[in-house]
Amino acid sequence: MTAVHRIPGAYGRTPGHQGGRFPGFDVLGQASTWDAVTAGVVLARLGPPPPLRFFTPREEAVARPLVDQLLDQRSEPRVPVLEVIDARLAEEQTDGWHYDDMPEDEQAWQDSLRGLDADAERSCGRGFARLSWSEQTQIIQAVRTRGDDQWHGLPAARVWSLWTRYAATAFYAHPWAWNEIGFGGPAYPRGYKNVGLDRREPWEVRDAHPDREPVPPPGTPRTPGGAGPSPSTPSTPTPSARTEGRSSAVPLIERALTGVRRASEFLGRSGGNVRDRNASAWLLPTGDERTNHGLRRTMRHYADSDQVDAVVIGCGAGGGTLTQRLAHAGWRVVALDAGPFWDPDTDWVSDEAGSHHLYWTEPRVIGGSDPVPLGSNNSGRGVGGSMVHFAGYTPRFHPSDFATRTNDGVGADWPISYHDLRPYYQAIEDELPVAGQPWPWGDPHRYPHSPHPVSGDGLLFQAGCHARGIPSRVGPVAITNGRFGHRPHCIYRGFCLQGCKVNAKASPLITHVPDALAHGAEIRANCMVTRIEVDDRTGLATGVHYLRDGVEHVQRARLVALAGYSIETPRLLFNSASRRFPDGLCNDHDQVGRYLMVQGAPQTAGRFTAEVRAYKAPPPSVSTEAFYETDPAKPYRRGFSIQTVSPLPITFAEHILAQGHWGPPLREYLRDYIHWATLGALCEFLPQARNRVTLADETDRYGLPVAKFSYSQCDNDRQLMTAAQQQMEDILQAAGAGEVVTIKRYAHLVGGARMAAGPEDGVVDAHLRTFAVPNLYITDGSVLPTQGSANPALTIMALAARTAHHLTTRGHPAGPGHGAVMVARLHPPRPS
């Protein structure tokens with residue numbers, strides 16, 4: 001068990017704290033029970049703020065009142081928001097990506113502060129810092145209301161997003177803010193025990209004013225007896241007024257969920273033979289050491305000059321699974337990953353802001369009519385990939401996903417069917433393992449682990465679905481329900497998206513990677529692959545060039561597998577251009593980088609009088625796929641799924657900011673934090689050739705051109721997003737929500753090197769082998785021809801397992817004149 005942070009004495013309450021909505025609550029009173037790493041990160045925020053290193057004195061004079069306005073910090077104590085923002089910019093700890101019509105964040109902050117000061121001079125004849133509070137409010141509100149218009153050469157909406165994104169992250173990462181909103185805190189290694197509605201841990205406090213109304217936004221006239229109307233954004237309908245004293249729907253839930261509390265009786269199929277297929281559950285060390293360190297110390301090492309059987313680029317869902325399968329078959333495998341080899345105990349923290357390093361933050365450029373921000377929900381960094389910080393949601397694709405062109409007249413048909421993938425779905429579900437109720441949609445099936453207890457927002461979701469006649473189910477999540485080998489059980493603390501320090505949530509880092517190491521694979525972390533080398537004479541890949549600690553290396557291999565995901569995979573193919581492939585490796589038919597897809601992922605939150613405390617339990621507690629398939633009565637093709645999503649404080653603040661609330665309304669909405677239940681949809685957006693990755697003019701720290709991702713929705717995409725929003729609002733209102741608000745967003749990149757029947761339509765064949773280079777495979781989400789309405793992680797792993805089975809049973813070609821090299825026979829499997 002991880003050491004906890006024990007310091008004698010009290011940590012102290014928020015200065016000036018009078019109790020507010022949660023009298024007597026002090027999250028810092030639990031700091032002695034937090035793990036040492038998390039406590040160190042969080043408690044450091046209580047120290048004296050450091051001097052500014054990025055902002056000049058003139059910029060500080062504008063920036064400090066700006067962030068105080070955005071967060072309504074009119075008096076002491078003030079959370080040192082500006083100091084946090086300054087440190088991020090000084091240390092280049094940005095999100096990495098930027099819009100193609102905006103400079104990078106550092107420059108954007110400087111330019112926007114000059115613009116704000118210029119507006120103050122023009123309107124009031126004085127600099128922004130010399131204006132009264134109300135005058136500053138008016139200047140800021142004028143920027144917010146400009147929307148997509150240009151403001152001092154910058155899109156105003158982008159500037160607003162920049163300001164509020166940084167400010168909310170700094171403020172709602174601070175324990176003083178947690179006290180104000182009743183957030184229970186990290187709760188690790190202890191966990192949460194009381195999951196459900198109106199249930200509190202011993203240290204949590206009942207809300208003293210559960211029916212309090214939010215105040216109106218700046219500039220909105222007050223109406224007698226309450227708040228004025230809430231503003232709406234162009235993408236969000238005006239929220240309905242909150243109903244005073246609305247029922248918490250607990251009686252409805254009790255009627256609707258008769259029998260649901262017996263969910264543990266649904267045991268699913270037996271997972272008893274899992275150990276025979278994947279020993280990872282039994283390989284993690286026991287006792288205090290719960291990481292891969294023991295296996296890494298004995299890991300086999302190969303020299304660059306060794307011609308290994310396979311080199312795998314990327315060690316996430318696809319690369320990690322492929323590496324493990326090939327190693328099991330006796331292949332000599334080296335996997336390279338651009339990020340670290342994580343140690344959950346020392347590298348991860350149970351904290352939103354402190355988990356920023358888990359995401360890919362290298363430079364990228366986004367554009368198109370509907371640009372897709374890149375970050376925590378679609379980019380990963382390090383061994384384990386984005387599954388390290390995914391929510392754990394692991395549904396299968398439906399049989400219909402594999403023939404959308406034939407059946408629905410949209411998208412593309414896959415060169416394989418669902419039944420080709422079915423046995424690999426089942427195998428991966430056993431290995432993770434997946435927990436959930438028997439699944440009635442698509443191809444009905446069961447899961448190896450019984451479902452988890454239902455969270456508060458899950459109970460409300462079930463109640464709303466029952467009231468509207470919509471079937472719902474608990475799960476499926478790749479989170480152990482009870483012990484699994486040496487893996488511990490879930491402790492329901494809700495930090496799945498920050499890297500599961502418990503090791504209850506599956507990711508390749510703790511499932512397939514340990515098994516790969518035990519069977520002779522080498523995994524090299526912090527290795528940035530710069531180019532795939534192809535012999536122009538034979539047409540075969542011979543190895544990869546990579547940088548480690550600033551030194552260039554070349555790893556020779558008989559087979560190369562690329563698993564960098566939907567942006568880095570096309571980027572590497574473009575950066576591997578040669579005389580034979582002048583437009584990029586495998587790009588003879590201009591297919592590389594095209595048909596990149598995201599899922600529309602709107603989130604709708606509903607406010608209840610009951611204390612939901614949605615931060616307890618895995619975010620995807622309950623889901624429905626009742627709207628997954630094409631409905632002939634609807635004007636759009638394909639569909640969407642819905643599940644609970646349970647945002648933590650920073651993410652929920654971004655949700656409220658997206659409604660146009662800032663200043664006092666933002667603070668009041670967040671004081672309601674424990675009363676909100678949030679649902680998220682995954683909408684199947686269609687593949688379009690214009691949505692693609694190309695190379696930007698900018699270069700990264702390695703001198704390599706960075707990726708530019710352009711994305712635009714079609715009419716079908718927009719109709720799906722609207723339909724999903726309406727269903728979520730209806731479900732929450734049927735459960736008793738007094739107010740609903742929706743934010744439109746995206747999730748889950750796939751495509752960019754898609755699977756097809758021939759090279760004119762894609763990059764790889766049915767076994768994920770590239771058409772152009774016979775010993776180059778692509779085994780990540782970029783190969784998916786369509787998106788589906790499911791999290792793609794399970795499908796990526798199943799595809800990689802299928803390719804591995806093909807390779808290890810049939811070998812791989814060595815190219816013209818070389819005959820067939822059956823590597824699995826040349827290197828017989830090692831004893832398990």
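The buried residues of helix H1 pack against helix H7, where buried means under 20% relative accessible area, exposed over 50% and partly exposed in between, with a 1.4 Å probe and protein chains only. Before I go on, please keep in mind that this is a predicted model, in which local features need pLDDT of at least 70 and side-chain atom pairs count only at pLDDT 80 or more, while totals for chains, interfaces and linings use all residues. Residues are numbered from 1 along each chain as its sequence is written, and side-chain values use heavy atoms, with hydrogens and water left out.

Which residues of H1 are buried? In this helix, which covers residues 36-43, they are Thr-38, Ala-39, Val-42 and Leu-43. They lie on the same side of H1, because they cover an arc of only 115° around the axis, the arc being that of the directions from the helix axis to the C-beta atoms.

Let me step back to the whole chain. It has 23 helices and 23 strands; helices (H or I, at least four residues) and strands (E, at least two) are DSSP runs, numbered from the N terminus. Of the 832 residues in the protein chain, 65% are buried. Among the contacts with a separation of 6 or more, 76% come from residues 24 or more positions apart, where contact means heavy atoms within 4.5 Å.

On the H3 side the contact is made by Val-81, Val-84, Ile-85, Arg-88 and Leu-89, and on the H6 side by Tyr-166, Ala-167, Thr-169, Ala-170 and Phe-171.

Now to the backbone. Most residues other than glycine have a negative phi, and most peptide bonds are trans. The bond from Tyr-188 to Pro-189, however, is cis, with omega near 15°, and Pro-189 is found in the loop between helix H7 (175-181) and helix H8 (250-256). The bond from Gly-475 to Pro-476 is also cis, with omega near -5°, and Pro-476 has its place in the loop between strand S7 (473-474) and helix H17 (512-518).

Arg-638, although not a glycine, has a positive phi of about 65°; this residue is found in the loop between strand S14 (622-624) and strand S15 (640-644), and at 1% relative accessibility Arg-638 counts as buried. His-748, likewise not a glycine, has a positive phi of about 60° and lies in strand S20, residues 746-750; at 15% relative accessibility, His-748 counts as buried.

I will finish with Arg-571, which has its place in helix H18 (residues 565-575). Is Arg-571 buried or exposed? With a relative accessible area of 3%, Arg-571 is buried. Leaving aside neighbours within four places in sequence, Arg-571 is in contact with residues including Met-528, Leu-695, Asp-700 and Leu-704.
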